[in-house]
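Hi,

Here is the structure I promised to pass on.

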Amino acid sequence: MPTVMLKEIAHARSGDKGNSVNIGVFANDRSIYPYLVEQMTAERVKQFFAGLVLGEVVRYEMPNIDALNFVCYDALDGGGASSLRVDNLGKCFGSNILRFTIELPHSLYNQIVKRER
């Protein structure tokens with residue numbers, strides 16, 4: 001199965017509150033959503049952000065809008081006011097998650113991804 005970056009099949013928004021980050025991932029096409037649910041587990045998202053997200057990652061499914069929401073705890077080195085990071089806000093996490101990769105069946109890849117290019 002071909003591997004694709006989320007940026008080819010989804011879009012994302014993120015923000016922060018204190019030391020937590022909230023990331024929403026939205027499938028560009030309804031047929032992609034089941035593959036996001038299957039492959040974008042809380043564990044894989046935590047691994048993807050290894051070294052940045054030190055706490056728990058909780059995933060919420062929103063099938064009515066073909067989206068997943070991830071809440072990442074202990075992710076901002078204490079939060080905006082206390083962090084020494086260059087980018088201490090959660091807004092960058094939405095852009096970063098678009099580099100996450102998933103596998104799609106060839107037929108869906110040819111139908112969806114090649115159409116987007």
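Asp 66 is buried, with a relative accessible area of 10%; buried means under 20%, exposed over 50% and partly exposed in between, using a 1.4 Å probe and protein chains only. This is a predicted model, where local features need pLDDT of at least 70 and side-chain atom pairs count only at pLDDT 80 or more, while totals for chains, interfaces and linings use all residues. Residues are numbered from 1 along each chain as its sequence is written, and side-chain values use heavy atoms, with hydrogens and water left out.

Back to Asp 66, which sits in the loop between strand 4 and strand 5. Helices (H or I, at least four residues) and strands (E, at least two) are DSSP runs, numbered from the N terminus. Asp 66 is not a glycine, yet its phi is positive, at about 55°. Asp 74 is another non-glycine residue with a positive phi, of about 50°. Asp 74 lies in the loop between strand 5 and helix 3, and at 35% relative accessibility it counts as partly exposed.

What does the side chain of Asp 66 meet in a salt bridge? The partner is Arg 30, at 3.2 Å from N to O. The criterion is a side-chain nitrogen of Lys or Arg within 4 Å of a carboxyl oxygen of Asp or Glu. This pair links distant parts of the chain, 36 residues apart: Arg 30 belongs to the loop between strand 3 (20-27) and helix 1 (33-39), and Asp 66 to the loop between strand 4 (57-62) and strand 5. Arg 30 is exposed, at 55% relative accessible area, whereas Asp 66 is buried.

The count comes to 2 salt bridges. Arg 59 and Glu 61 form one of them, with their closest N and O atoms 2.6 Å apart. Both residues are partly exposed: Glu 61 has a relative accessible area of 44%, and Arg 59 has 23%.

Arg 59 also turns up among the contacts of Asn 69, where contact means heavy atoms within 4.5 Å. Leaving aside residues up to four places away in sequence, Asn 69 touches Asn 22, Ile 23, Gly 24, Val 58, Arg 59, Tyr 60 and Met 62. Asn 69 is part of strand 5 (residues 67-72) and is buried, at 14% relative accessibility.

Now for the overall layout. The protein has 4 helices and 6 strands, in the order β-β-β-α-α-β-β-α-β-α from the N terminus on. Of its 117 residues, 42% are buried. Among contacts with a separation of 6 or more, 62% are between residues 24 or more positions apart. The accessible surface is about 6400 Å², and 51% of that belongs to carbon and sulfur atoms; these areas come from the Shrake-Rupley method with a 1.4 Å probe, and for residues only the protein chains shown count as cover.

Strand 2 and strand 3 run antiparallel and are joined by 8 bridges, where pairing takes at least two DSSP bridges between the strands. Arg 13 has Gly 24 in strand 3 as its bridge partner. The hairpin of these two strands has 2 residues between them, and Gly 18 there takes a positive phi near 65°.

The largest nonpolar core has 32 residues. Such a core is a set of buried Ala, Val, Leu, Ile, Met, Phe, Trp, Tyr and Cys residues joined through side-chain atoms within 4.5 Å. Residues with the most contacts inside this core include Ile 23, Val 25 and Ile 97. Its largest share, 4 residues, comes from strand 3. As background, nonpolar side chains in soluble globular proteins tend to be buried together.

Ile 97 touches residues including Leu 6, Met 40, Phe 48 and Phe 49. Rings of Phe, Tyr and Trp (its six-membered ring) pair if their centres lie within 6.5 Å, with planes under 30 degrees apart counted as stacked, over 60 as edge-to-face and the rest as tilted. Phe 48 is partly exposed, at 28%, whereas Phe 49 is buried, at 2%. Together with Phe 93 and Phe 100, Phe 48 and Phe 49 form one aromatic cluster.

Best wishes
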